[in-house]
Amino acid sequence: MGVQKKTRKFAQVKRIIGQRDARLKKNQDAGIAEEKTKKNDEEVIREVPQVSSALFFQYNTALVPPYQVLVDTNFLSHTVQKKLDLLPTMMDCLYAKCIPIITDCVMAELEKLGTKYRIALRIARDERWERLKCGHKGTYADDCIVDRVARHKIYIVATNDRDLKRRIRKIPGVPIMSVARGKYVIERLPELPQITSS
């Protein structure tokens, strides 16, 4: 028989499974969750919204006289403050026939504002303007106008509200009319091609 070696083994430590070891149950579950998120990131489904057939790049071909102008609450109040006549001033701005359109939401907003806006409410109730029925819940006019303009690209939006202007600028092909310097100004109305006779 051989002699058994009795040398000490230095730095020998009891082996312990580390907290990050892949063999532990909690780490296996975390690994499966990471794989799922990676798969979801790789399989991104992008939906491109349907572009209106009226748009030719940024040029809206559906905007033709008589222009249909969606009027907002604060546009009416600014009109009253500047003592402007709604229809003639609109026609001076656009050089064409205009049809001011007032939605039920704008009427409800004006009625809620009370006596301070009674003149604007009287202007809005005029028989000459077209009225649009709203088929949604609530009376928040900004959402109503943005939704209607996004669906149908046949309107010019008349507003002085900064937030509403910012939201409408994101929708291509929708001009914005506002009250400034004692008159109406229009922004983003496409230039009509000039007809030259030879």
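In which loop is Lys83 found? In this predicted model, Lys83 belongs to the loop that joins α2 to α3 (86–94), and the residue thus comes after α2.

**Backbone features**

Lys83 has a phi near 55°, which is a positive value in a residue other than glycine, and Arg181 likewise has a phi near 55°. Most residues other than glycine have a negative phi, and most peptide bonds are trans. Lys83 counts as exposed because its relative accessibility is 77%, where exposed means over 50%. The loop that holds Arg181 runs between β7 (176–180) and β8 (183–187), and this residue is also exposed, with a relative accessible area of 70%. A further backbone feature is the cis peptide bond from Pro65 to Pro66, with omega near -5°; Pro66 lies in the loop between β2 (59–60) and β3 (67–71).

**Helix α2 and the largest pocket**

The buried residues of α2 are Thr73, Phe75, Leu76, Ser77 and Thr79. The largest pocket, with about 170 Å³ of space, has a lining that includes Asn74, Ser77, Val80 and Gln81, together with residues such as Leu113, Tyr117 and Arg118. Two elements, α2 (73–81) and α5 (118–124), each give two or more residues to this lining, and α2 gives the most, with four. Sorted by class, the lining of the largest pocket comprises five nonpolar, four polar and two charged residues.

**Asn160 and its surroundings**

Asn160 lies in the loop between β6 (155–158) and α7 (162–169), and it counts as buried because its relative accessibility of 18% falls under the 20% cut-off. Its side chain reaches the backbone nitrogen of Val179 at 2.8 Å. Not counting residues up to four places away in sequence, Asn160 touches Asn74, Phe75, His78, Lys165, Ser178 and Val179.

**The nonpolar core**

The largest nonpolar core has 44 residues, of which Val69, Phe75, Met90, Met177 and Tyr184 touch the most other members. In soluble globular proteins, nonpolar side chains tend to be buried together. When neighbours within four places in sequence are left aside, the contacts of Tyr184 include Phe75, Met90 and Met177, and also Ser178 and Val179. Phe75, Ser178 and Val179 are likewise among the residues that Asn160 touches.

Conventions:
Residues are numbered from 1 along each chain as its sequence is written. This is a predicted model: local features need pLDDT of at least 70, side-chain atom pairs count only at pLDDT 80 or more; totals for chains, interfaces and linings use all residues. Side-chain values use heavy atoms; hydrogens and water are left out. On a 1 Å grid over the protein atoms alone, a cavity is a set of points where a 1.4 Å probe fits but cannot get out, and a pocket is an open set with protein on both sides within 12 Å along at least five of seven lines; lining residues have an atom within 4 Å of a point. Grid points are joined across faces, edges and corners, and a volume is the space filled by probe spheres set on the points. Ala, Val, Leu, Ile, Met, Phe, Trp, Tyr, Cys and Pro count as nonpolar, Asp, Glu, Lys and Arg as charged, and the others, Gly among them, as polar. Buried means under 20% relative accessible area, exposed over 50%, partly exposed in between (1.4 Å probe, protein chains only). A polar contact is a pair of N or O atoms within 3.5 Å; within protein, one must be able to donate a hydrogen and the other to accept it, and residues adjacent in sequence count only if both atoms are side-chain atoms. Contact means heavy atoms within 4.5 Å. A nonpolar core is a set of buried Ala, Val, Leu, Ile, Met, Phe, Trp, Tyr and Cys residues joined through side-chain atoms within 4.5 Å.
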